[in-house]
Amino acid sequence: MADRFFTKTHEWVRLEDDSAFIGITDYAQKELGDIVFVELPSVGEKLTQFSRFGTIESTKAASELYSPLSGEVTEVNNDLVNHPEWVNQDPYGKGWMVKIKVDNRDEIANLLDEATYKNLIEKEA
Amino acid sequence: MKEKIIFQKSQKGRFTDYVTNPQISIFPPSHFIPQKLLREDLNLPSLGEGEVVRHYTNLSRLNYCVDTNFYPLGSCTMKYNPKVNEDLANLEEFLHIHPYQKEEDIQGTLELLYNLEKLLCEITGMERFSFQPSAGAHGELTGMLIVKAFHSLKREKRFKVIIPDSSHGTNPATASMCGYQVVVVESTKEGLVDIDKLRKLMDSSTAGIMLTCPNTLGIFEEKILDIREIVHRQGGLLYYDGANFNALLGITKPSLMGFDIVHLNLHKTFSTPHGSGGPGAGAVGVRKDLVPFLPVPLVDKKNDYYYLNYDLKHSIGKVRSFYGNFPVLVKTYAYLLRLGKEGLVRVAHNSVLNANYIREKLRDNYQLASSKRCMHEVVFSCKDKKEEYGVTALDLAKRLLDYGIHPPTMYFPLVVKEALMIEPTETESKETLDYFIEVMKRIDQEAKTKPSVLKDAPHTTFTKRVDEVSAARNPVLKWEEYGE
């Protein structure tokens, strides 16, 4: 998928017009194990690239979530509060976390494409 | 649940007490308590004394503790706590004093605090200590508030704190609570702070670094003097997380490594029963020019008279009532006096020796997380076992319960996949260590030949494998909701 990019900290971002959906990768959910809690920002909050936007907790550990791009939060997947398991079941679909209005598309240059990300996780594993 | 809780055992109006009503007149509660505060519908269980005693005695027999079994919980220093400490902390003279008593009536107590502080200063190289913080994380908060006050007084705008990716989770939490932005410095393959990366991250907007040494991989930060140089040159401070100080007792001092602020987990390193929330003591020590920032009061001495000194110019204030968890301080003092300088060195030597014994004996069966020789704890990775046999660090830890051993710390530090962190402590005998090693080897065999035994473990405990995922996703917090 050409419109999907990744961070070194295992978040994905999918661009749609001037908006973007953000979540964590399949590799990340596998590494974390069963997700039990997701803490997300509120609509209207401003995120800057690579800054913390939330917390994700599994039975093993709590980890920070980092935003792949800068922008204002326009939608939050509040269903994850009651269904954290969706992050495990469908990390790129139902498990999306926030939708933002993208500030600056040039920031995409700081992200990884699918092939580079795949390389990274192969090295990590 | 097989064991009912006491409310479920309660029978309204149960009467097994055959004492005759003494027929004396007493004041009713309304004599002491305003009418609007009186309640009659107290939800107290109704049982006979014998039933209550049986209930709690039986529950206590389900306890697993360092007094019953081996407890190699990494980074927790579950050493044996000498019973004489308890006797001394329970001396009438300590037990019945009140923090509002006059100074002249509690000279002995103040003397103990004074002398203990001197000993901790000698051990760490710090100038003064505050005993107020109640636990390690509380000590961190106190220490970092001092860092903040120090920089603000100099009108320096510093908003970042550097923390290694192998740190205890409380470090970033503390920095964050103090309003700092957390900057993570990555570790090298050996698990040490990456000096080149640190050099790039450290700047004049960084307040300092929080460091545990030995770190959470049980490895001594060999480049500690370089770290000191990098941080100090930019005007930052070095904070020492004392979680792993057991390994260095009497061998070296945090001051010699360049640390400016230190917290010690007195309850861990200096032997007090701990876990599950205390009571603890996270004493905080500082170098000379930071003393005016410590919480008040400190115990000082003038003409052989001990007094409480509230006169600290830049004190961050109180972080807890009075002087901290005093009985823990008595136990610490007793421990230090009994061991003396030589004893402390032996503690450090043996804690390191025991961990390395386990490391060498198990390195062919379990993957080491670092090629460096360890200090007081050793970290293995079960990543290869997960890939080859489908058994995880969790399965292995659960299986240890069947052999009467408390599981090591799992999935920590976060930089190691499927981590098992083992800290045997100095108080375990070679026989106990050999038993543990034999069990670990046996479990390694089981992982290969019958992994289902690990998957379903534990088999022999009162409670079998618990559903941690459901527990975390749908916590049942009231017993009424649980049902029979």
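This is a predicted model: local features need pLDDT of at least 70, side-chain atom pairs count only at pLDDT 80 or more; totals for chains, interfaces and linings use all residues.

Reader: Ok, so is B:Leu400 buried or exposed?
Author: B:Leu400 is buried, because 22 other C-beta atoms lie within 10 Å.

Reader: Where does B:Leu400 lie?
Author: In helix H13 of chain B, which covers residues 393-402.

Reader: And what is B:Leu400 in contact with, leaving aside its neighbours within four places in sequence?
Author: With B:Ile405, B:Pro407 and B:Val439. B:Ser204 is another story: its C-alpha atom and that of B:Leu400 are separated by 49 Å, and the two residues are 196 apart along the chain.

Reader: Let's do another helix. Which residues of H7 in chain B are buried?
Author: H7(B) runs over residues 170-177, and B:Asn171, B:Thr174 and B:Ala175 are buried there. Looking down the helix axis, these buried residues fall within an arc of 95 degrees, so they line one face.

Reader: Why would residues a few places apart end up pointing the same way?
Author: An α-helix has 3.6 residues a turn, so residues three or four places apart point the same way.

Reader: Nice. What do the buried residues of H7(B) pack against?
Author: Their partners in chain B are helix H6 (136-153) and the strands S2 (160-164), S3 (181-185), S4 (206-212) and S5 (237-241). After H7(B) comes B:Gly179, with a positive phi near 90 degrees.

Reader: How about H9 in chain B, which of its residues are buried?
Author: B:Ile224, B:Ile227, B:Ile230 and B:Val231, in a helix that spans residues 224-233. Their arc around the axis is only 120 degrees, which puts them on the same side of H9(B).

Reader: And which exposed residues sit on the face turned away from the buried side of H9(B)?
Author: That face carries B:Leu225 and B:Arg233, both exposed. The buried residues, on the other hand, have a cover that includes helix H8 (195-201), S4 and S5 of chain B. H9(B) is followed by B:Gly235, whose phi is positive too, near 80 degrees.

Reader: How much of chain A is buried?
Author: Buried residues make up 34% of its 125 residues. Among contacts in chain A between residues at least 6 apart in sequence, 63% join residues at least 24 apart.

Reader: What about the sheet with S4, S6 and S7 in chain A?
Author: It's an open sheet with the order S4-S6-S7 and antiparallel pairing. S4 (35-39) and S7 (62-66) of chain A stand at the edges with a single partner strand each, so one side of each has no neighbour in the sheet. On average, neighbouring strands are turned by 25 degrees against each other, direction ignored.

Reader: How many bridges join S4(A) to S6?
Author: Four, and S6 of chain A covers residues 52-58. In that pairing, A:Ile35 stands opposite A:Ser58.

Reader: Last one: how many residues of each chain are in the contact between A and B?
Author: Six from chain B and seven from chain A. On the chain B side that's four nonpolar, no polar and two charged residues.

Notes
Residues are numbered from 1 along each chain as its sequence is written. Chains are lettered from A and ligands numbered from 1 in the order in which they are written. A residue is buried if 20 or more other C-beta atoms lie within 10 Å of its own, exposed if 12 or fewer, and partly exposed in between; C-beta atoms are placed from the backbone. Helices (H or I, at least four residues) and strands (E, at least two) are DSSP runs, numbered from the N terminus. The arc is that of the directions from the helix axis to the C-beta atoms. Two residues are in contact if their C-beta atoms, placed from the backbone, lie within 7 Å. Ala, Val, Leu, Ile, Met, Phe, Trp, Tyr, Cys and Pro count as nonpolar, Asp, Glu, Lys and Arg as charged, and the others, Gly among them, as polar. Two strands pair if DSSP finds at least two bridges between them. Axes are lines fitted to C-alpha atoms, for helices over the stretch in contact, and angles run from 0 to 180 degrees between N-to-C directions.
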